[in-house]
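Hi, here are my notes from going through this one. Have the model open beside you and follow the points in order.

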Amino acid sequence: MNIVFCDRATAFGDIAWLQGAGADPDIPEGIHWHVSMGRDGGLPAGPTVIVDLKTNVDSFRRVDPVSVIGQAVSSGWLIDADQGHDLTLLFTSATSRSEVLGWATIPGEGDLTLWAADPRLTRQGLWSTNAAQSRPGLSYSATWAVASAECQVVRMTGHGRATEPSAYIGSSRFDLDHNRVLSRASLAGETAHDLPHYLPAQGGSDQWEDRVSRSAPLRRLPSDLERPGVPEPDPDREIFRIRTLVDPPSAPDTGFALQGVQAWCREAYEALDTGARGTIAGEADGTTVSQPADEAYLQAAVDPGVARWQGLSGTLDQEPEQTDAAPLGLAAALVPVFRLLGPREFLVPQDAEAEKFYDDEIGGFFDLQQTVRDFPQLGDGSRWELTLLVVPLPYLREWPQDKPTPPGLLSLGSSWNAVTTDRWSATVGVDHVVPRGEVAFVQTEPTRGTLHPGQPGAPAPMVAGYSRPHGRHVLTAAGIPGEYESITVGVCLQDWLGRWGDMAETVLERPARPPVPPPQGSTLVIPGPVPAGHGPASSATVRAEITVHRPAGPGAVPLNGLRVTVPREPVPRLLPIGPGDVTGIITRTVEFPARDTTPGEVAVETLTLQSTDVDGGTSSTVTVTARIVDPRPVRAPVASPRLIAATRGGNSPAVTVALAITAAPNARAYRVLVATESTLRSAFGLPAPAAAEPRAERAATVRRAMAGRDQRRFFSWASANTYPVQDGAAIATFELPAGTDGVVFARAVAVTTIPGTPPTEAVSTPFERTEPVAIVVPRSEFPPVPDIETSPGDEGMSTVTVRVTRPPTDLLSSLQIHGKPAARIEARLVEYLAGADPVYWHEIKILDLEKSSDIPPVYEGKATLRGRPWQRTAVAACVRYPAEPTLAAGDIAITGEVRAAGLQYEEIPSPWGPYSIPAWIDFRGAVPTVKTSFIIDGVSVTATGLPALPPGAPVWTMQLLRLAPKPGPLGDPVPASAGLTLRPRPHHSYAVLLTDPFGGQHGPVPLLLL
């Protein structure tokens, strides 16, 4: 008979021979077994039957590896963990379901460990361990061996040498024998008897306690709060732990909301024939959790004690028979299971002989199989089926097995708990775990404690869950007190026997606290008495109101104070916040005197604020400012008595005034107010000015009248603009009507702020303290167009007379300051250039015109001009009135702080009038001399002493005349510079007539011909 085994994905199991040479100090002596359901397994439907399979030497065949990865040497393979030299062997799997690849052996020498690994790698590329054997410190040759179903991957690590690796595939071709049944194990009797559809249990209700007692660990659990890991054989303690996990007491709060294993069991089995799948639900840490009851029930088997309660683990009642194939041995576990098949999934026919054997051994299997076929389908079309699993149990007789090794640990980060405000959680990555193995998760520093839920003395089992985002198995430590900046945690791995490996430790850091909430501040400046004098003094009190939100949320800790840095105080002020401050917003107030300032000064006081918490944390620094304005007025600018000229009027209806104001200390900007002369004269009862009165005198008169009298209501803003101070000065520009004839008075008032700032911070110079400056629009009048007369003088000389008749007398008088020399009309004499713009006419001379006649008034001036002989020049003239004086008689010229932005005239020049009609001047000179000389073919007649004339100008010419006989011209006139040739005839007399460039004739000059 060929037995058909299930694969490891359906179920797998092991036997550990812990007696004789295989005894272990942590587990009672005996031959222990277990069965674990894989992902394709099912819900056990009856007791587990362990049967020893009859074998002989022929039942095991040796196979060589199909792939070897390692450092080959002449005598095998070198293994050196320090150099990264491991040995990895890959074996082919069994080709028949009646066989199992279950053993691997490697001879060698050294400190070596042999591993049977799960063929599936973890995300980190690590192997999970199914079984291992090590022989530390071995100094002689020996054989390492492991037994595990489907050990396709075998690894050897450590330091030493390995030779001739091999694996064995086992099978049994003998019939199952009832006399070779080694053990039976059922779900706990008191539970199994109450379940529908579970095959009859073997034994009484105390049978599970006996199984637990026979294999109870000889050491306390590493996760036990009392004496963890200490050797203490006490089966009753293990029985109590399992009973608590199966049926936890309901009175005290156990710390986790789901019910015990027994409740999951009942929910799973009682739902089988209802057309639904049993579900368990509850809450854990405020989160609703639900899971199929059958999955939860099978997952609980990860705890060896719970597996013994479920009938999936135990100790053999008798020892398998010795065979000639020892130490290799093979047994099988017969487990009936309810499997859930999908709508398109069909049950693969199982081993009929094994099913009959099981029915003979337990009874009722075929009846239950028929009953299950009548179960209603589930809502998704899936259905339950009953099948018998034959799980291979390869073993090695009296062969020791290693405990799990310490896992590699990695801190994966921490976070604050969302529900509690001062608790945090951290995640630990575990590099490798025992397949379906339990872990112990404890805190070792700063205090020791278990991280398992459950009652004291009975911590709940824990497995490392797989995290896809992290790509590894993980454990989470939750509810860590916020006072701990870090904790040290330890993790141990457990195998199916209940043995614990050594502990690995790592440090978990507390997450960063939420930022301490920074305070917010606002300031109020409380004005005080206006300081006396002009020296530095404090003029206000600064009050700062500071608010901060009470910290809330995960990880937040209470505030204990506010730290305020006050100007000029060497030590920050500490404002306490106590437990009694329960409002959401905490408010504190600080007051201090403003710093000393000078008149009109704008100062900024700066405070820095920080919050502090009871954990020693500080917030970011917040800065608040207060703006202090000294209320004492800014010094008024000094005004000069000189007139300031606006731009000269043209075609535009307005002219521009540009004032440069030298800023006083602390002045930030200036504004300008203006009033006209006529307004002020009317206000102060002054008569209208005489037409002949100079405007400088008029300004002085009005200025004297304004002294000490209320003037503000007569002035208005020159512009809506405020002129900021830049580089120590403000440039104020505004417009006046171009036709303004009188004086305009302007006052520059300093302010300490620019528009848009609070008006309470504005400080102005008092109006009555400012002095006005006088502004005038330059006159645009000019005298009548002059007349020009020319008279020739000596050779190359000419006299030019420029004459102006009847200029306005009052206007001339207004340009004359009393006590000063009389001002004169000026004439500008230029050379006239026909066709050119007057701007390009060359200036010859400026003439002062003096009065030459009273009735009518005539002003004239003469100029003697020198020109080039025999050249003609045209001259023209324009005239202007005298410059307007800017300073009245008796006024002292000072440099004012309000002045023209451009040129500051001492006298304002008058405009030039239009040019006169050009007058021509002929500059005469010496008359050239006529000379004759004989040449071969006649007489050459030339002129000497000819002037140099510009190109294109008229030239001297000579005309040959016949005096006798028959007087008259001979030929046409020729340029004198070219001369002419005469061929005299007998009895003829000749002469030459010279004509100058102006057309005057000189001669005739007789020619003397010898």
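1. Start with a proline. Pro1004 sits in strand β63 (residues 1001–1006), and the peptide bond leading from Gly1003 to Pro1004 is cis, with omega near 5 degrees. Helices (H or I, at least four residues) and strands (E, at least two) are DSSP runs, numbered from the N terminus.

2. A word on the model itself: it is predicted, local features need pLDDT of at least 70, side-chain atom pairs count only at pLDDT 80 or more, and totals for chains, interfaces and linings use all residues. Residues are numbered from 1 along each chain as its sequence is written, and side-chain values use heavy atoms, with hydrogens and water left out.

3. Most residues other than glycine have a negative phi, and most peptide bonds are trans.

4. Now a helix pair. How do α2 and α3 cross? The axes of α2 (residues 207–214) and α3 (residues 235–246) come within 9 Å and cross at roughly 125 degrees (axes are lines fitted to C-alpha atoms, for helices over the stretch in contact, and angles run from 0 to 180 degrees between N-to-C directions). That makes α2 oblique to α3 (under 35 degrees is roughly parallel, over 145 roughly antiparallel, 65 to 115 roughly perpendicular, and the rest oblique). Trp208, Glu209, Val212 and Ser213 of α2 touch Pro235, Glu238, Ile239, Ile242 and Arg243 of α3, where contact means heavy atoms within 4.5 Å. By class, that contact has five nonpolar, one polar and three charged residues (Ala, Val, Leu, Ile, Met, Phe, Trp, Tyr, Cys and Pro count as nonpolar, Asp, Glu, Lys and Arg as charged, and the others, Gly among them, as polar).

5. Compare helices α7 (residues 352–361) and α8 (residues 365–373), whose axes come within 8 Å and cross at roughly 110 degrees. The two are therefore roughly perpendicular to each other. Here Glu355, Lys356, Tyr358 and Asp359 in α7 meet Phe365, Phe366 and Gln369 in α8.

6. On a 1 Å grid over the protein atoms alone, a cavity is a set of points where a 1.4 Å probe fits but cannot get out, while a pocket is an open set with protein on both sides within 12 Å along at least five of seven lines; lining residues have an atom within 4 Å of a point. Grid points are joined across faces, edges and corners, and a volume is the space filled by probe spheres set on the points. By this rule there are eight cavities of 30 Å³ or more.

7. The largest cavity has a volume of about 490 Å³. It is lined by 37 residues, and the closest to its centre are Asn130, Val434, Pro435, Asp495 and Trp496. The lining divides into 19 nonpolar, 10 polar and eight charged residues.

8. The second largest cavity has a volume of about 90 Å³. Of its 11 lining residues, Arg219, Leu221, Arg237, Glu238 and Arg241 are the closest to the centre.

9. Last, the second largest pocket, with a volume of about 450 Å³. Its 27 lining residues include Phe5, Cys6, Asp7, Arg8 and Arg97, the closest to its centre. Which strand gives the most to the lining? That is β10, with three residues.
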